Amino acid sequence: MQIAIAALGTEPKDELKEKARRFVSTMTRCSRQVFILGGYWGLMAVVVDEAIRDGHRVVAIIPEGAEHVIMPREVIRIDTGCDPRCRSVFIARSGDIMVSL
């Protein structure tokens, strides 16, 4: 299953980080997933790191202006050249389901 994730792009509180980790862990019990996110910062980075640790595939659909962000080598990176709103359309339309964390 491809899971599109809308997640906070700023530094989250520890409580929210733990909820995101539990979400990924719960999905791991079902099977291996493909997580589709919009970057590698804020809560998105927490989800990416946890998903990779648990053996999932991760796709990062990056907006213009964030090309400089360094990501783990396991991430499939797509530099869109789009503004963040346009990039979000790609994320939303690429998943079998959409999850907001």
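Residue G42 lies in helix α2, where helices (H or I, at least four residues) and strands (E, at least two) are DSSP runs numbered from the N terminus. The structure is a predicted model, in which local features need pLDDT of at least 70, side-chain atom pairs count only at pLDDT 80 or more, and totals for chains, interfaces and linings use all residues. Residues are numbered from 1 along each chain as its sequence is written, and side-chain values use heavy atoms, with hydrogens and water left out. The points below treat the sheet, the helices and selected residues.

**The sheet**

- An open sheet is formed by 5 strands in the order β4-β3-β2-β1-β5, with parallel pairing; two strands pair if DSSP finds at least two bridges between them.
- The edges of the sheet are held by β4 (76–79) and β5 (97–100); each has a single partner strand, so one side of each is left without a neighbour in the sheet.
- From one strand to the next, the twist averages 25°.
- In general, strands of a sheet pair through backbone hydrogen bonds, either parallel or antiparallel.
- Strand β1 (residues 2–6) and β5 run parallel and are joined by 4 bridges.
- Residue A6 stands opposite S100 in β5.

**Helices α1 and α2**

- Helix α2 (residues 42–53) lies across β1, β2 (34–37) and β3 (57–62), and runs at about 160° to β2. Axes are lines fitted to C-alpha atoms, for helices over the stretch in contact, and angles run from 0 to 180 degrees between N-to-C directions.
- The axes of α2 and helix α1 (residues 14–30) come within 9 Å and cross at roughly 35°.
- The crossing of α1 and α2 is right-handed; a crossing is right-handed if the near helix is turned clockwise from the far one by less than a right angle, and left-handed if anticlockwise.
- On the α1 side, the contact (heavy atoms within 4.5 Å) is made by L16, K17, A20, R21 and V24, and on the α2 side by L43, V46, V47, E50 and A51.
- By class, the contact of α1 with α2 has 7 nonpolar, no polar and 3 charged residues. Ala, Val, Leu, Ile, Met, Phe, Trp, Tyr, Cys and Pro count as nonpolar, Asp, Glu, Lys and Arg as charged, and the others, Gly among them, as polar.

**Residues in the helices**

- G42 is buried, with a relative accessible area of 15%; buried means under 20% relative accessible area, exposed over 50%, and partly exposed in between (1.4 Å probe, protein chains only).
- Leaving aside its neighbours within four places in sequence, G42 is in contact with L8, G9, T10, E11 and P12.
- From C-alpha to C-alpha, G42 and T26 are 21 Å apart in space, while they are 16 residues apart in sequence.
- R21 lies in helix α1 and is partly exposed, with a relative accessible area of 32%.
- Not counting residues up to four places away in sequence, R21 touches V46 and E50.
- The C-alpha atoms of R21 and A51 are separated by 8.4 Å, although the two residues are 30 residues apart along the chain.
- I52 is placed in helix α2, and touches V58, P72, E74 and V75, not counting residues up to four places away in sequence.
- I52 and A20 are 32 residues apart in sequence, with 13 Å between them in space, C-alpha to C-alpha.

**Residues in the loops**

- D54 lies in the loop between α2 and β3 and counts as buried, at 13% relative accessibility.
- The side chain of D54 makes a polar contact with the side chain of R53 (3.2 Å). A polar contact is a pair of N or O atoms within 3.5 Å; within protein, one must be able to donate a hydrogen and the other to accept it, and residues adjacent in sequence count only if both atoms are side-chain atoms.
- D54 is also in contact with V24, S25, T28 and R32, leaving aside its neighbours within four places in sequence.
- Q33 lies in the loop between α1 and β2 and counts as buried, at 4% relative accessibility.
- Not counting residues up to four places away in sequence, Q33 touches M1, I3, M27, H56 and R57.
- G95 is placed in the loop between α3 (84–94) and β5, and touches Q2, A4 and I36, not counting residues up to four places away in sequence.
- G95 and M1 are 94 residues apart in sequence and 7.9 Å apart in space, C-alpha to C-alpha.
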